[in-house]
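Please open the model in a viewer and keep the sequence panel at hand.

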Amino acid sequence: QVQLVESGGGLVQPGGSLRLSCVASGSIFSINAMGWYRQAPGKQRELVTTITSGGTTNYADSVKGRFTISRDNAANTVYLQMNSLKPEDTAAYYCNAQIKPYAIWPMRDYWGQGTQVTVSS
């Protein structure tokens with residue numbers, strides 16, 4: 001089976017930085033897009049950023065210029081560098097990946113368990 005495991009969350013002061021990592025492991029034939037979503041208390045999960053296997057990126061307007069997504073295809077890993085963090089960035093951050101576990105299986109979405117990011121003084 002496929003697992004996505006996030007790491008790197010924590011408590012940071014406004015204006016600070018954090019780097020999240022997400023590693024995909026298990027039965028993996030290929031990975032298409034990978035990305036990060038977040039969910040604040042009482043709110044719906046929202047897209048933060050995505051990156052294709054070829055490196056094309058997409059960002060939510062609220063994080064453009066502050067967050068950077070990158071990936072290491074050889075290591076099945078996606079990263080999220082978060083700079084100039086604001087209190088409104090506080091949320092649980094979830095890794096997402098479109099993975100084909102075996103050659104004859106269809107591509108499907110997989111999710112990590114989430115990592116908490118809290119921005120507060």
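Which residues does P14 touch, not counting residues up to four places away in sequence? Select P14 and display its surroundings: L85, P87, V119, S120 and S121 are the residues in contact, where contact means heavy atoms within 4.5 Å.

Before continuing, please note that this is a predicted model, in which local features need pLDDT of at least 70 and side-chain atom pairs count only at pLDDT 80 or more, whereas totals for chains, interfaces and linings use all residues. Residues are numbered from 1 along each chain as its sequence is written, and side-chain values use heavy atoms, with hydrogens and water left out.

**Stop 1**

P14 is found in the loop between β2 (10-12) and β3; strands (E, at least two residues) and helices (H or I, at least four) are DSSP runs, numbered from the N terminus. With a relative accessibility of 41%, P14 counts as partly exposed. The terms used here are buried for under 20% relative accessible area, exposed for over 50%, and partly exposed in between (1.4 Å probe, protein chains only).

**Stop 2: the disulfide**

Select C22 and C95 and show their side chains. These residues form a disulfide, with their sulfur atoms 2.1 Å apart; a disulfide is defined as a pair of cysteine sulfur atoms within 2.5 Å. The structure holds 1 disulfide. The torsion about the S-S bond of C22 and C95 is about -80°, so the disulfide is left-handed. The pair links distant parts of the chain, 73 residues apart, with C22 in strand β3 (residues 18-26) and C95 in strand β9 (residues 91-100). Both C22 and C95 are buried.

**Stop 3: the nonpolar core**

Which residues have the most contacts inside the largest nonpolar core? Select W36, M82 and Y93, which hold that position in a core of 29 residues. A nonpolar core is a set of buried Ala, Val, Leu, Ile, Met, Phe, Trp, Tyr and Cys residues joined through side-chain atoms within 4.5 Å. Two or more residues each come from β1 (2-7), β3, β4 (30-39), β5 (46-51), β7 (67-72), β8 (77-82), β9 and β11 (115-119). Of these elements, β9 gives the most to the core, with 5 residues.

Centre the view on M82. Leaving aside neighbours within four places in sequence, M82 is in contact with G16, S17, L18, L20, R66, F67, Y93 and V117.

**Stop 4: the salt bridges**

R38 forms one with E46, the closest N and O atoms being 2.7 Å apart. R38 is buried, with a relative accessible area of 6%, whereas E46 is partly exposed at 37%.

The side chain of R38 also meets that of D89 in a salt bridge, at 3.0 Å from N to O. D89 lies in the loop between β8 and β9 and R38 in strand β4, so the pair ties together parts that are 51 residues apart in sequence. D89 counts as buried, at 1% relative accessibility.

Then move to K64 and D61, which form a salt bridge with their closest N and O atoms 3.1 Å apart. D61 is exposed, with a relative accessible area of 64%.

**Stop 5: two positive phi angles**

Select N76 in the loop between β7 and β8. Phi of N76 is near 50°, a positive value in a residue other than glycine. N76 counts as partly exposed, at 23% relative accessibility.

Finally, select S84 in the loop between β8 and β9. S84 likewise has a positive phi, of about 50°, although it is not a glycine. The relative accessible area of S84 is 39%, so this residue is partly exposed.

Terms used. Salt bridge = Lys/Arg side-chain N within 4 Å of Asp/Glu carboxyl O.
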